[in-house]
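Have the sequence and the 3D view at hand as you read.

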Amino acid sequence: MSNGAHHVPLPVPGDVHSALLDAGLIGDPYWRDSETSLDWVHESEWTATLDFDLATKQAGRWTLSFDGIDCVAEVWLNDVRLGQAANRFLRHDFEAGEALTTGANCLKVIFRSNSKEAKRLAAASPYPVPYIAWNNRLPHYNFLRKPQCDAGWDWNIALSPLGLCGPVTLKHSTVARLDDVMVRQQHLYGSVTLEVDLHYTGFEAGMVETELVCDQQTVHHAAQVWPGEGSARLTLTIDNPQLWWPAGHGQQHLYDLKLRFGTELRTLRIGLRQVELVTDADETGNRFAFKVNGREIFMRGANWIPADALPARATPEAVRDLLTSAVEANMNMIRVWGGGQYEPDWFYDMCSELGLMVWQDFMFACNLYPAHDHDWLNSVRLEAQQQIRRLSSQPCIALWCGDNEVIGALNWFEESKTNRDHYLAVYARLNMALEDAIAEAQPDVGFWPSSPSVGRLNFGDGWHDDTSGDMHFWDVWHSSKDFEHYRSVQPRFCSEFGFQSFPSNRVIASFTEEEDRNVSSRVMDVHQRNPGGNSRIVETLARYFRFPEKFEDMTWLSQVSQALAMKTAIEFWRSAKPRCMGTLYWQLNDTWPVASWASLEYGGGWKLTHYLARKFYAPVLVTAQPDDETGDIVLWAINDTPETVHLHVTACRVSVTGAMAEAGVWARPCPTDGAVEIARIPSNNLREDEFLAFSWQDADGSHSGENDYLPLRPKDYRFADPNIHIEDDGDSISLTAERPALFVTLDHGGSDVWSDNGFTLLPGIPKVVHRSRARGGVHGDVKIRHL
Ligand code: BMA
């Protein structure tokens, strides 16, 4: 691959930046403030060439199929132009027969500069189509069908990677070529009928033998094929099906499904399940609840963004690590957010294996779009069709959603504020095209128009309406409100809310020099993409905690603060079950080392929020919530397991001096359909120097946990030195304290996962933590921090 000046090998899949980095031609893009020095890469034109030999060019049709071209490019074979590409989310099938020769062939992909192309398209547009300029360092990427966050975002480096993002295959066919496979399943009277549509391009009239093998049954069908696009359907019924369940609700049983279309073979792994989005009207508004195999399930999870700003680093190993961490934190759903990408097949295979449901956005976010343009919209229609079909076999897919925050974006730009009619009408064309694509393909899952959305054909405010639809609740971070403000709304389903923190000192060391390690240094500002973000972290933290003296303590405390924010929101909303039936916090992962809302830092290490997520997302949780009217502290139990649990709950008052006194013992059944009030404790039962600690256990000991509640902000307690005693044998560490310590954090020097972190240590009660998953971290001397 070359831009005239630089020549490097381009792996497939792969991207130009990673190729340049591997060849030593550029430095680490994530180092300090290197970002803009690499702008020449996406401003250049690149040509990738591949010489290959074809032993014999048999008669028939030849197709060069590209699983993903990023993004604006021309494809040439032996100096014949096969066609062009302008949509990173499409599979391109180029007819190659005329150009292909027996013997030596030369394939060439000429990548135009996406950045220049975006500007050219914007200039040629008959009216302005605004994009979110405060997030995007590179302008007008809303004109490109390319991950929108490649141009920046309030957590991303704007590298604008380019390259080939999936395999390139030369296919030979005679009568017809298999393009897409659409799988549907119908559950009826205890059996499941699979309906498999083989979508093909026919080259001539003829017969094609097709075959479907699943669950030790084989179905054959000789399909009559005609020139042009067509489809052949195979059906098969599975009696006594073994169902697929999301994590925590049963097995993730998968069946192999083998397909043959002429000489082409495909193997898919499917899971049998029914998913429904319940939006029935109730006394509050409309419900928003996922029902899987007839069971309503509270969705606990987070938002997924691309795994790395350098696509070549988003390997299956790195992604599996992140998804495993999600499940380890008791998540059962992720939302593949609309400003990123449709992920590769193996990503969804992993989610299906792990029992992680996927809320899948179509790839539109926070910008307005040129949906008046027929060519653009037709490309979107094809993209939707291909993607719906591609993901139709995956049991993890729970929902297709039109976009991220595009309805809200209508209110963000001067042009669309002054002429909302025009921009709303254009938006409706886009949204309608997506709704039509779903109606035509009829996947087994539903369509939700946008996130947030109050409901179909409702273009209202999904940021503040907690009566219907899914909600994005951003008032705490973006409007700088206190964490307690999360308790001012009871969303039906909160699909975004978040609070930022800095990454670990270890990750900060990976992109800084010593002199940069200060929260207001230029380099720390560059690694913070939300204007004013670092100040907001610091200012909010000072409301809850005493001001730290050292930079390393500040970064740690920012993680405590983020964890406290997410714990406050999620425990309250879980206590509002079944009014609220899901929380997906923003965001699970990071694309590069940056201050952000992620709970997994770049590289997959667990921030404190992730350790706390494992607890606040426990299937059986007891939480204490203030009742503002009576002043009581109310203990609520939430049970997300399939069966009623019988809980034994004990609470005690803990003084900063180390004194502990019982505050109550209760035994209660806790059914699954809604949170249960366990007890009310008048707040004046607690002295000013006391907080409430409580624990629970079910009858057979399979669900237990500990939690606490501070009526005052942490900084209002005068915590004394807890005098923690540590015994460390390398793989397990035991701690005891004389006085209480909060958010006790062990810094092991690496990024291994430990059984707990950020916990409360109660006086005289020993705590043992052990290494639960090695991630290649170094085990140095353990540093301990606490409040
Ligand atoms: C949401 C997301 C993203 C953004 C995040 C934080 O609205 O959809 O656009 O990164 O907020 O601001």
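Strand S38, residues 741-747, is where you will find Phe 743. In this predicted model, Phe 743 has a positive phi of about 50°, although the residue is not a glycine. Is Phe 743 buried or exposed? Its relative accessibility is 10%, so Phe 743 counts as buried, the cut-off for that label being under 20%.

Now turn to Asp 79, in the loop between S5 and strand S6 (80-85). Asp 79 is not a glycine either, yet its phi is positive, at about 65°. Where Phe 743 counts as buried, Asp 79 is exposed, with a relative accessible area of 63%. That label applies because the value passes the cut-off of over 50%.

The peptide bonds deserve a look too. Which residues does a cis peptide bond join, with omega of about -5°? They are Val 12 and Pro 13. Pro 13 has its place in the segment before strand S1, which covers 14-15.

A cis peptide bond also joins Asp 70 and Cys 71, and here omega is about 5°. Cys 71 sits in the loop that runs between strand S4 (69-70) and strand S5 (73-77).

| Cis peptide bond | Omega |
|---|---|
| Val 12 and Pro 13 | about -5° |
| Asp 70 and Cys 71 | about 5° |

Conventions
Residues are numbered from 1 along each chain as its sequence is written. This is a predicted model: local features need pLDDT of at least 70, side-chain atom pairs count only at pLDDT 80 or more; totals for chains, interfaces and linings use all residues. Side-chain values use heavy atoms; hydrogens and water are left out. Helices (H or I, at least four residues) and strands (E, at least two) are DSSP runs, numbered from the N terminus. Buried means under 20% relative accessible area, exposed over 50%, partly exposed in between (1.4 Å probe, protein chains only).
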